[in-house]
Amino acid sequence: MACALTAAALTAGAVCARTLRLGARRGLAGRRPKSAGAAVVAALPEFLIASVLATVVGVQLGWLPALGWYGPRWTVLPALALGLPAGALLGRLLDDMLLGAFAEPWARAAAARGIPGRRVARQALRRCAPGLLPNAGLFAVGLTGGSVAVEQIFDIPGLGRGTLQAAVAQDLPVLQAGTLALVLLAATTAALVRPAVGLLTGPALRDGALPPPPAPRPATPRAVPLPYAAVLLGVIALAVPRDPLALHTAARLQRPSRAHPFGTDALGRDVLARVGHGAAGTLTQALLISAAALLAGVLLGLLPRLSGPLVDTVNAVPPVLAGLLVAGAAGAGRATPALAVAAVAWAPLAAHTSALVRQERATPHLLATRSLGAGPLFVLRRGLLPAVLPPVTRHALLRLPGVALALAALGFLGLGAQPPAPEWGLLLAENQPYAERAPWAVLTPAAVLALLGALAVTAADGVRWPWRTGRGRRRVTGPLPGEPGPRRHAPVGATGTGVR
């Protein structure tokens, strides 16, 4: 994990290096963040990156060892598998914040006084660090959860793999101890964040002297997600007529051909058929879980005092650890991934709902509605729900691919559907031992998972988040009754007292 943190820091530096260079040279005028590649990498799960690295770099190219734990060279691929997605996400967040930091008054004043650009860039990093440190606990949680799958892929005798084996064997004492150690590691990291933020910001935080964050620029609608969606739907359509369970022992581990466009696996089964049928099942399950998470998130988010501590607790448990706990209590089965992901998928939606409810309750129109004698049910039906449901529903739709990837990760660890079910994570686990002879059997489901991550990122970049649509827009063309003067000059030829 220490090597993974180093890899994450280097990846984040590579993502925001161009922004730092242009900011030091005062060349950021009109530039918007362009980190689509980093966003795609950040959306990929650790087990997928680990499978690709082990297959391509470790087995096919032979540059680094892919199995075992015997020295420093054996740490490179596992550290990259854990550090690349975390570093890409951290770098994308930092890149967005640097654009605002270089536009603040202190940066312009420093440039006007002739202070060297490198010094201004260092201070911009220090200005952005306090906003990123609160996410350190989430990164630690992600690393601890991802280490379970990474240690399993690279055959590392670590805490994550030991906890997984205890969950499969239903060894509850070892499972409880391993899970507690992983959660305590994340909690310790989060506890160190607050004093670090205070040291970086200094007296500016105490005196309220920090400038407000710049207003975000509206997203530009794009049609980029359409090609990804068309390719994914095309794969499913081609796979529907094929039998994913048909065995052809004479056609074992065949290369891609006209009869088998994606090749065959170790039992002669068509990889295209298994990937397509697995996509239909995984996406349907992810849709049902997302709908249940949306319902639970909205209901609990409307009660922030009740759900606040529960949300903070659930956010500290990634889906992999939740899957281990469910498998240890009820055993591994087809329902285990769904229960584990559903147990933690509602928490971000509840936090989003609570934030919107707090803002909506402070609006003047809702205060006026209450002062006119409206009851709680009327306020909920006509005031809160119309303002909360649209953005939270969009949030749930954007998390749909992440739910599918979490289901695949638990299936890869053997906590979900059992053979011969055509499930995405199970496909990677079954074909991993044959990566040297048949790399297509591993790279094909990995490519489909990467395609789903790219579809999620590009769709999220083009989504607008309006706070109001129609309701709440007021146009004043003259003085309101009872006011001493006009708010806005009336147009020429207008008569009357004005319309609100």
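Is Arg269 buried or exposed? Arg269 is buried, because its relative accessibility is 6%, where buried means under 20% relative accessible area, exposed over 50% and partly exposed in between, with a 1.4 Å probe and protein chains only.

1. Basis of the note. This is a predicted model, in which local features need pLDDT of at least 70 and side-chain atom pairs count only at pLDDT 80 or more, while totals for chains, interfaces and linings use all residues. Residues are numbered from 1 along each chain as its sequence is written, and side-chain values use heavy atoms, with hydrogens and water left out.

2. Overall make-up. The protein has 21 helices and zero strands, where helices (H or I, at least four residues) and strands (E, at least two) are DSSP runs numbered from the N terminus. Of its 500 residues, 43% count as buried, and the accessible surface comes to about 25,700 Å², of which 65% belongs to carbon and sulfur atoms; accessible areas come from the Shrake-Rupley method with a 1.4 Å probe, and for residues only the protein chains shown count as cover. Among contacts (heavy atoms within 4.5 Å) between residues at least 6 apart in sequence, 73% join residues at least 24 apart.

3. Salt-bridge network. The structure holds five salt bridges, each defined as a side-chain nitrogen of Lys or Arg within 4 Å of a carboxyl oxygen of Asp or Glu. Asp265, Arg269, Arg274 and Glu430 are linked in a network of such bridges.

4. Positive phi values. Most residues other than glycine have a negative phi, and most peptide bonds are trans. Asp155, which is not a glycine, has a positive phi of about 55°; Asp155 lies in the loop between α7 (136–153) and α8 (159–168), is partly exposed at 33% relative accessibility, and forms a salt bridge with Arg161, the closest N and O atoms being 2.6 Å apart. Leu253, also not a glycine, has a positive phi of about 55° and sits in the loop between α12 (225–239) and α13 (271–301), where Leu253 is buried, with a relative accessible area of 10%.

5. Glu423 belongs to the loop between α19 (400–412) and α20 (424–431) and is buried, with a relative accessible area of 13%. Not counting residues up to four places away in sequence, Glu423 touches Thr282, Leu407, Ala408, Gly411 and Ala417, and its C-alpha atom is separated by 9.7 Å from that of Pro445, 22 residues apart along the chain. Thr444, in helix α21 (residues 440–461), is buried at 13% relative accessibility and, leaving aside neighbours within four places in sequence, is in contact with Phe262, Val271 and Val275.

6. Helix α6. Arg119 lies in helix α6 (residues 117–132) and is partly exposed at 48% relative accessibility. Arg126 is also placed in helix α6 and is partly exposed, with a relative accessible area of 42%; Arg126 and Ala101 are 25 residues apart in sequence and 9.7 Å apart in space, C-alpha to C-alpha.
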